[in-house]
Amino acid sequence: MQAAETLQVLPWYVAGPLIGLFVPVLLLVGNRMFGVSGNLRHMCAATLPTRAEFFRYDWRGVGGWNLAFAVGVLLGGVIVGLLTPDGARVALSPAAVQSLASLGIQDTAGLVPVELFNWQMLFTVRGALTMVGGGLLIGFGTSYAGGCTSGHAITGLADFQLPSLVAVIGFFAGGLFSTWVLLPLLLGAAG
Amino acid sequence: MATIAEQVGVPRSDTRTGDTVQALAVYLTLGTLFGSILMKAEVVSWFRVQEMFRFQSPHMYLTIVSAIVTAAVSLQVIRRLGIRTVSGDPIIVPPKEMGRGMRYAVGGTMFGLGWGLVGACPAPLFALFGSGISVFAVVILSALTGTWFYGVLRPRLPH
């Protein structure tokens with residue numbers, strides 16, 4: 001593997017502190033709490049006609065800044081995506097490459113396994129359960145918990161909020177179960 | 001509260017209580033930086049998330065923990081020095097309501113199940129779609145559907 005093919009440019013000790021700085025910067029700029037999952041709620045409130053109380057609020061006032069931030073995140077993906085050569089791969093540990101290979105994931109190029117995340121796979125059981133099922137769980141779960149990795153794991157834990165600790169323990173419990181039980185089942189299943 | 005835009009005489013946008021166009025541009029720029037950092041640090045990678053949940057590399061843990069430590073130190077500095085926002089307002093970090101804690105335990109676990117499968121939390125979903133993985137449009141639409149289900153079922157769920 002050539003150096004030019006690896007994606008990693010920012011080491012953790014640069015990326016982590018930079019990510020953490022979004023908490024004070026957003027507070028200083030406009031008293032905004034760093035978090036991304038609220039956008040799912042704002043998008044529903046902005047587009048779907050519904051009587052549900054949860055979506056009846058001034059989404060522009062409450063969530064306008066957050067939606068602009070989310071569009072920015074998407075743009076960041078566009079920009080770095082364009083600057084990244086095709087076929088570039090993350091510098092995975094050999095142990096992870098081996099574990100994934102044993103699950104049938106041979107191709108570790110790109111940011112997601114192309115064997116699993118593509119349009120054709122949507123019409124298979126494993127693809128639909130992973131992409132649609134996973135998406136539904138992310139949307140339902142973050143809205144129920146009132147936050148995701150940014151809102152609870154970073155903002156909430158940094159502020160020593162007990163509810164966020166409960167949420168983050170849940171994040172990891174769920175993630176471990178999916179990684180060790182659900183994914184091997186799905187990837188091993190026919191279709 | 002007078003925003004910077006009002007102080008310098010720029011008219012507010014036509015949104016009712018929304019931010020000015022200038023303020024939204026600031027948030028858009030910050031979001032772009034955030035998305036770029038997530039991409040560059042490989043935090044958006046499905047492979048990295050799998051590696052994390054398999055305890056096969058400290059990369060994600062070190063990234064997340066150093067982010068939390070940086071944010072925690074920043075919040076302490078803001079509190080101790082009484083630092084205000086750029087428009088002079090006191091900075092407020094509202095505490096989250098624990099209630100019965102059900103929403104955090106159950107909702108958190110549901111999100112974790114999705115995180116493990118999709119290998120992305122909400123911000124990476126947007127970044128991955130932006131990076132050209134078009135099928136993530138379906139994942140985002142599914143997440144919106146999940147949010148809508150929650151909104152409809154909310155009155156009947158324990159919190």
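In what order do the elements of chain A run from the N terminus on? They run α-α-α-α-α-α-α-α, and chain A accordingly is listed with eight helices and zero strands. Helices (H or I, at least four residues) and strands (E, at least two) are DSSP runs, numbered from the N terminus. The model is predicted: local features need pLDDT of at least 70 and side-chain atom pairs count only at pLDDT 80 or more, while totals for chains, interfaces and linings use all residues. Residues are numbered from 1 along each chain as its sequence is written, and chains are lettered from A and ligands numbered from 1 in the order in which they are written.

The C-alpha trace of chain A spans about 45 × 40 × 35 Å along its principal axes. Of the 191 residues in chain A, 51% are buried; a residue is buried if 20 or more other C-beta atoms lie within 10 Å of its own, exposed if 12 or fewer, and partly exposed in between, with C-beta atoms placed from the backbone. Two residues are in contact if their C-beta atoms, placed from the backbone, lie within 7 Å. Among the contacts in chain A between residues at least 6 apart in sequence, 58% join residues at least 24 apart.

Chain A also meets chain B, in a contact that takes 115 residues from chain A and 103 residues from chain B. On the side of chain A that touches chain B, at least two residues each come from helix H1 (12-20), helix H2 (22-30), helix H3 (38-47), helix H4 (59-83), helix H5 (94-102), helix H6 (125-145), helix H7 (149-158) and helix H8 (162-188) of chain A. This side of chain A has 73 nonpolar, 38 polar and four charged residues. In this scheme Ala, Val, Leu, Ile, Met, Phe, Trp, Tyr, Cys and Pro count as nonpolar, Asp, Glu, Lys and Arg as charged, and the others, Gly among them, as polar.

The largest nonpolar core has 99 residues. Such a core is a set of buried Ala, Val, Leu, Ile, Met, Phe, Trp, Tyr and Cys residues joined through C-beta atoms within 7 Å. The residues with the most contacts inside the largest core are Val23(A), Ile154(A), Leu38(B), Leu125(B), Ala127(B) and Leu128(B), and the largest share of this core, ten residues, comes from H4(A). Val23(A) shows what such a position looks like: not counting residues up to four places away in sequence, Val23(A) touches Phe34(A), Ile154(A), Thr155(A) and Ala158(A), along with Ala71(B), Ser74(B) and Leu75(B).

Turning to helix pairs, two packed helices are described by the angle between their axes and the distance between the axes. H4(A) and H2(B) pack at an angle of about 40°, with their axes 6 Å apart. That makes H4(A) oblique to H2(B). Axes are lines fitted to C-alpha atoms, for helices over the stretch in contact, and angles run from 0 to 180 degrees between N-to-C directions; those under 35 degrees count as roughly parallel, over 145 as roughly antiparallel, 65 to 115 as roughly perpendicular and the rest as oblique. The crossing of H4(A) past H2(B) is right-handed. A crossing is left-handed if the near helix is turned anticlockwise from the far one by less than a right angle, and right-handed if clockwise.

Within chain B, the axes of helix H6 (residues 122-130) and helix H7 (residues 136-153) come within 9 Å and cross at roughly 150°, and H6(B) and H7(B) are therefore roughly antiparallel to each other. Their crossing is left-handed. Here Leu125(B), Leu128(B) and Phe129(B) of H6(B) meet Phe136(B), Ala137(B), Val139(B), Ile140(B) and Ala143(B) of H7(B), a contact with eight nonpolar, no polar and no charged residues.

Ile64(B) sits in helix H4 of chain B and counts as buried, with 22 C-beta neighbours inside 10 Å. Leaving aside neighbours within four places in sequence, Ile64(B) is in contact with Gly16(A) and Ala153(A). Most residues other than glycine have a negative phi. Glu42(B), not a glycine, has a positive phi of about 65°; Glu42(B) lies in the loop between H2 and helix H3 (46-53) of chain B and is buried, with 26 other C-beta atoms within 10 Å. Phe55(B) likewise has a positive phi, near 55°, and is placed in the loop between H3 and helix H4 (59-81) of chain B. Phe55(B) is exposed, with 12 other C-beta atoms within 10 Å.
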